[in-house]
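Please keep the sequence and the model in view while reading.

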Amino acid sequence: MKNGGAEAAVATGGGPQPLEWKFAQVFGERTAGEEVQEVDIISAIEFDRNGDHLATGDRGGRVVLFERTDTRDHVGHRRDLEKMDYSINRHPEFRYKTEFQSHEPEFDYLKSLEIEEKINKIRWCQSSNGSLFLLSTNDQTIKFWKVQEKKVKKVCNLNLDSTKAMGNGPIVGSSIPTSSKQCISNGGYTCNDFSFPIGGFPSLHLPVVVTSHETNLMARCRRIYAHAHDYHINSISNNSDGETFISADDLRINLWNLEISNQSFNIVDVKPANMEDLTEVITSAEFHSTQCNMLAYSSSKGSIRLIDLRQSALCDTHSKLFEEKEAPGSRSFFTEIIASISDIKFSKDGRHILSRDYMTLKLWDINMDSGPVATFQVHEYLRPKLCDLYESDSIFDKFECSLSGDGRQVATGSYSNLFRVFGCSEGSTEATTLEASKNPMRRQGQMSSRPSRPLGSLSGVVRRVKGADNSGVDANGNAFDFTTKLLHLAWHPTENSIACAASNSLYMYYA
């Protein structure tokens, strides 16, 4: 009944309506002509599991945390509205919470290699007792951070004159008579006019430590997971069991326990005995959303391997292989380069995997390894420009992808600070192009007609969807700017809200 009704609706021009995106907030907005420092460019974005906190990492090794503010004072109203099935018009609002220096530049003397501080990935862990926990990594070292509020302690009732103290802030409750004393730079006194009275000071006493009502946010590194990767770490992913996580570099995937930092287990190793025989490398790895024994990793050849940790300790053999067969006669010098997958994500229910290569977004059903169930063209207009992109190294840019919490939309970034949102649900023709600015809807494109079949009934059917933006020019008729690229974005886990990074600015949108 539902499928038939939906097909009828599509036949009469119905179907799901595209989301209408609106600007919500921006942090770190650039003024016209302002020069951006390299260390301030955002390199990682991640919402926590509930969507109440957002973390960003930058090339300077800093992690900045934001917290949601629009739900705290309206919990009762929100629950009432949900019971009455009313929609909430208020958009998500975040505010700056704290920041800390996660990584510093290092130098590997054995390899004569400089290790930059840039944050490659951030992953939230389960919170407890009001404290936040997260993992952050650069090219070589993973760190486990605890962020909590601590009450400020003050030292009171000192044996010094509060009017003569220097250097360490205010002092309360001195018992020394307020005679004229010379203060010196370290907070002491000169002894020119100072002498102890006969019998000493009768009222000398121990200082008192008082806990005030003020609180400060403190970030403390609990554990450091180091010296386990010979190559640059490209992925970290938390397990649904809340106890373990994986880290992946070009040739290996390691399994860690959060509580143990000096030992990891190598579960995938694609390094050949002779490096001259190397044909592909690992580009991304992700744990399954709900099954703690399943994980997937992608390769530079455009394939995705699903592995089961129950099969063997060393998972060199995969349970399933997902790859799209190459069309006859389509092979060129750039075929393998543009086929390389830069990011993969599991849907919330774990049924689908979203992958991003240079040209397309692909949606895969883990129960169907014959090919993707949907392909979304993102950069098809760039095909004639591949030579220029190769010369400028832009063809090696690694764009991230993201799914909505309900699995109905997917999103990824592009050039000129643009990002694309595509609809996955039955009869959807959604293919919206938005710009990371305060006016996101300046540039829009709609998809051509598509088969009216929901994801749940896509077994055996492969959809190829073409985007409308093939001109390679922006809304003003100018060529795309390949120096401004939107590589990183994240979709809120429960609402239609997207956070994306344009250079050093964090933009947030809602629908």
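Phe-396 counts as partly exposed at 42% relative accessibility, where partly exposed covers the range between buried, under 20% relative accessible area, and exposed, over 50%, taken with a 1.4 Å probe and protein chains only. Phe-396 lies in the loop between helix H4 (386-391) and strand S24 (401-403); helices (H or I, at least four residues) and strands (E, at least two) are DSSP runs numbered from the N terminus. Together with Phe-333 and Tyr-390, Phe-396 makes a nonpolar surface patch of about 320 Å². Such patches consist of residues with over 30% relative accessible area and no salt bridge, with nonpolar side chains (Val, Leu, Ile, Met, Phe, Trp, Tyr) joined within 5 Å and like charges within 9 Å.

The loop between H4 and S24 also holds Asp-393, which has a positive phi of about 70° although it is not a glycine. Asp-393 is partly exposed, with a relative accessible area of 46%.

## Basis of the model and overall content

This is a predicted model, in which local features need pLDDT of at least 70 and side-chain atom pairs count only at pLDDT 80 or more, while totals for chains, interfaces and linings use all residues. Residues are numbered from 1 along each chain as its sequence is written, and side-chain values use heavy atoms, with hydrogens and water left out.

The secondary structure of the protein chain comes to 4 helices and 31 strands, and buried residues make up 48% of its 511 residues. Among contacts between residues at least 6 apart in sequence, 57% join residues at least 24 apart, a contact being heavy atoms within 4.5 Å. The accessible surface of the chain comes to about 25900 Å², of which 49% belongs to carbon and sulfur atoms; accessible areas come from the Shrake-Rupley method with a 1.4 Å probe, and for residues only the protein chains shown count as cover.

## The largest nonpolar core

Which residues of the largest nonpolar core touch the most other members? Of its 16 residues, these are Trp-21, Phe-419, Val-421, Ile-498 and Cys-500, a nonpolar core being a set of buried Ala, Val, Leu, Ile, Met, Phe, Trp, Tyr and Cys residues joined through side-chain atoms within 4.5 Å. At least two residues of this core are supplied by each of strand S26 (418-423), strand S29 (489-491), strand S30 (497-502) and strand S31 (505-510), and the largest share, 3 residues, comes from S30.

When residues up to four places away in sequence are not counted, the residues that Trp-21 touches include Val-421, Leu-434, Met-441, Trp-491, Ile-498 and Tyr-509. The loop between S30 and S31 contains Ser-503, which, although it is not a glycine, has a positive phi of about 60°, and which counts as buried at 19% relative accessibility.

## Two buried polar residues

Thr-433 is found in strand S27 (residues 431-435) and counts as buried at 1% relative accessibility. The side chain of Thr-433 is joined to that of Arg-420 by a polar contact of 2.7 Å, meaning a pair of N or O atoms within 3.5 Å, where, within protein, one must be able to donate a hydrogen and the other to accept it, and residues adjacent in sequence count only if both atoms are side-chain atoms. Thr-433 and Phe-422 are 11 residues apart along the chain, and their C-alpha atoms are separated by 8.9 Å.

Gln-140 has its place in the loop between strand S9 (132-137) and strand S10 (142-156), and is buried, with a relative accessible area of 12%. Leaving aside neighbours within four places in sequence, Gln-140 is in contact with Ile-115, Tyr-225, His-229, Asp-230, Tyr-231, His-232 and Ile-233.

## Salt bridges

Side chains of opposite charge can pair when their charged atoms come close. The structure holds 26 salt bridges, each defined as a side-chain nitrogen of Lys or Arg within 4 Å of a carboxyl oxygen of Asp or Glu. Arg-310 forms one with Asp-308, the closest N and O atoms being 2.9 Å apart; Arg-310 is exposed, with a relative accessible area of 62%, whereas Asp-308 is buried, at 10%.

The side chains of Asp-343 and Lys-345 meet in a salt bridge of 2.7 Å, N to O, with Asp-343 buried at 2% relative accessibility and Lys-345 buried at 16%. Glu-380 and Arg-383 also meet through their side chains in a salt bridge (2.9 Å, N to O), and here Glu-380 is partly exposed at 28%, as is Arg-383 at 39%. Elsewhere, salt bridges that share partners join Lys-111, Asp-230, Arg-252 and Asp-269 into one network.
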